[in-house]
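Please view the structure first, then read on.

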Amino acid sequence: MGEGMFTHQKQQVCQLFFIQIILIVVMSVLMLYGPEANANLLKNHTGEHGRKHIKEPDTDPLRIYPNVHVMIWIGFGFLMTFLKRYGQSAIGLTFLLAAILLQVAIICDGVLHIEKNNKAYLSLQSLVNADIAVATPLISMGALLGKTTYMQLVFMGILELIMFTVNKYVGEHLLMAVDNGDSMFVHTFGAYFGLAVSFVFGMKDKPKEHHLEGPSYNSDIFAMIGTLFLWLFWPSFNSATLEGDDQQRAIINTLLSISASCVIAFATSALVSKGSKFNMVHVQNSTLAGGVAVGTAAGMMCQPVGALVVGALAGLLSVLGYKYLTPLIQKRLKIHDTCGVHNLHGMPGVLGGIFGALMASLATEASYDYSLYEIFPARAPSSETKLAEIRDNYDISAGLNRTAGQQAAYQLLVLVITLGIAIVSGLVTGLVMRMSICGSIPEEQKFDDDAHWELEEESSHESKIKDGNNCGDQLPMGHI
């Protein structure tokens with residue numbers, strides 16, 4: 001290792017210490033325990049008085065929080081271990097990145113909810129929201145896996161979470177779109193942000209086939225651990241911010257959709273593969289596409305058949321994307337997508353946004369009763385006379401009196417805005433990541449754990465084996 005490279009790695013270590021110190025300072029200035037976690041409040045004390053205030057199980061976020069937590073650290077981490085010599089980095093850097101960005105996400109969410117005392121309250125719901133937000137940069141990380149330093153990923157994640165917060169505030173609070181499972185705000189945003197960053201990287205260094213960009217028998221099995229955890233807990237992710245019957249519908253719809261995408265992904269994989277055999281890349285990723293596609297409409301009355309159909313379409317679209325679209329995008333646009341996030345998160349996320357708009361256009365008071373105005377707050381009446389009839393049984397505030405068609409139009413508008421913000425901010429972030437302060441990975445160290453980890457169990461000769469590096473330009477992903 002050259003002296004310049006060693007010095008630069010020391011600088012990255014110092015930057016890591018500095019970022020954590022900054023987060024500690026900002027957290028101390030901004031955050032306080034929320035009322036639910038404050039020991040000074042009598043209602044939180046133990047004993048008979050305190051027990052009366054314990055939340056009912058169907059509304060307690062503690063039921064969902066551990067599941068979402070597992071998805072972020074184990075699901076995403078192991079899903080990216082398919083590269084034959086990048087498993088430690090896939091799991092380890094996911095661990096590091098998520099731990100940093102969880103704090104950043106809490107701060108970003110807190111800025112939007114500062115109280116009169118200039119403090120933001122921290123509760124279990126804040127942690128759930130932060131976990132969901134962290135999924136966004138981890139999705140983007142998939143497009144860049146094996147090609148960046150850890151500080152490039154950290155800087156990317158911080159900038160992305162800021163833009164994610166802005167986008168979600170515009171879509172959810174200003175334009176009042178509904179996106180219960182975050183098909184638009186998390187999956188679509190994360191995928192196209194990461195692809196935009198990858199495009200910037202490709203402008204300087206054209207994507208090339210790399211001898212380490214491929215799986216091994218064991219690495220594929222490890223990646224399936226991530227797939228299975230994500231598949232099992234995806235209903236929790238889509239229902240984490242919901243309560244009551246909305247949460248039940250989200251869990252039911254997600255399970256049906258992700259089951260359909262699993263079956264169709266297997267079938268389509270065999271259809272387009274040689275010898276009608278299953279392709280492990282498709283099984284690791286496309287089986288999950290239904291969870292992404294049903295996200296926006298997860299809490300809506302899309303009926304079991306709607307959830308099954310959108311899941312089946314997502315599985316089909318995802319496999320075809322891996323087979324035909326990914327190589328084309330790499331060849332024509334010079335966008336190298338290591339994990340194929342466009343096929344798992346990008347296209348299914350857009351499909352989910354469109355499906356959510358369709359369900360919004362079909363939503364009527366006849367099918368939802370007055371809960372229509374809880375699911376779509378902007379559709380609530382603006383007149384006090386109509387609200388008076390509803391308030392007897394529902395805690396509903398005045399809305400904008402939108403029609404079903406208007407709500408659907410706003411849903412599509414937010415999808416377009418999300419795509420625009422993700423792509424533009426991703427391009428800018430890519431330029432920032434190419435600055436010398438973030439470091440860079442030499443071509444010979446890409447997709448190799450040796451760039452970040454001590455690999456004492458292997459000889460230096462084994463770690464340096466190169467066979468066919470730089471053997472061609474504009475070729476499809478090695479693991480496809």
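## Helix α7

Helix α7 covers residues 183-204, which makes 22 residues; at 1.5 Å a residue they should span 32 Å, and the end C-alpha atoms, 31 Å apart, agree with this. The expected span is 1.5 Å times one less than the number of residues. Helices (H or I, at least four residues) and strands (E, at least two) are DSSP runs, numbered from the N terminus.

The model is predicted, so local features need pLDDT of at least 70 and side-chain atom pairs count only at pLDDT 80 or more, while totals for chains, interfaces and linings use all residues. Residues are numbered from 1 along each chain as its sequence is written, and side-chain values use heavy atoms, with hydrogens and water left out.

At phenylalanine 189, α7 bends by about 30 degrees; the bend is the angle between axes fitted to the seven residues ending at a residue and the seven starting there. Of the 22 residues in α7, 19 are buried, and the helix is mostly covered. Buried means under 20% relative accessible area, exposed over 50%, and partly exposed in between (1.4 Å probe, protein chains only).

## The second largest pocket

Rolling a probe the size of a water molecule over the atoms shows where empty space is left. On a 1 Å grid over the protein atoms alone, a cavity is a set of points where a 1.4 Å probe fits but cannot get out, and a pocket is an open set with protein on both sides within 12 Å along at least five of seven lines; lining residues have an atom within 4 Å of a point. Grid points are joined across faces, edges and corners, and a volume is the space filled by probe spheres set on the points.

The second largest pocket holds about 460 Å³ of space. Its lining has 25 residues, and Lys147, Phe201, Asp205, Ile441 and Lys446 lie nearest the centre. Two or more lining residues come from each of α1 (3-30) and α7, with α7 giving the largest share, 4 residues. By class, the lining has 8 nonpolar, 9 polar and 8 charged residues. Ala, Val, Leu, Ile, Met, Phe, Trp, Tyr, Cys and Pro count as nonpolar, Asp, Glu, Lys and Arg as charged, and the others, Gly among them, as polar.

## Two cavities

How many cavities of 30 Å³ or more does a search of the whole structure find? There are 2. The largest has about 80 Å³ of space, and its lining includes Phe76, Asn285 and His345. The elements that give two or more residues to this lining are α3 (65-79), α5 (124-144) and α13 (341-362). The lining contains 9 nonpolar and 3 polar residues but no charged ones.

The second largest cavity has about 30 Å³ of space. Leu195, Thr326, Ile329, Gln330, Ile335, Asp337 and His342 line this cavity, and helix α12 (residues 303-333) gives the most, 3 residues.

## Single residues

Aspartate 182 is in the loop between α6 (150-174) and α7. Its phi is near 60 degrees, a positive value in a residue other than glycine, and aspartate 182 is buried at 1% relative accessible area. Phenylalanine 447, in the loop between α17 (404-433) and α18 (460-463), also has phi near 60 degrees; its relative accessible area is 3%, so phenylalanine 447 is buried.

Glutamine 103 is part of helix α4 (residues 87-111) and counts as buried at 19% relative accessibility. Leaving aside neighbours within four places in sequence, glutamine 103 is in contact (heavy atoms within 4.5 Å) with Gln20, Leu23 and Met27.
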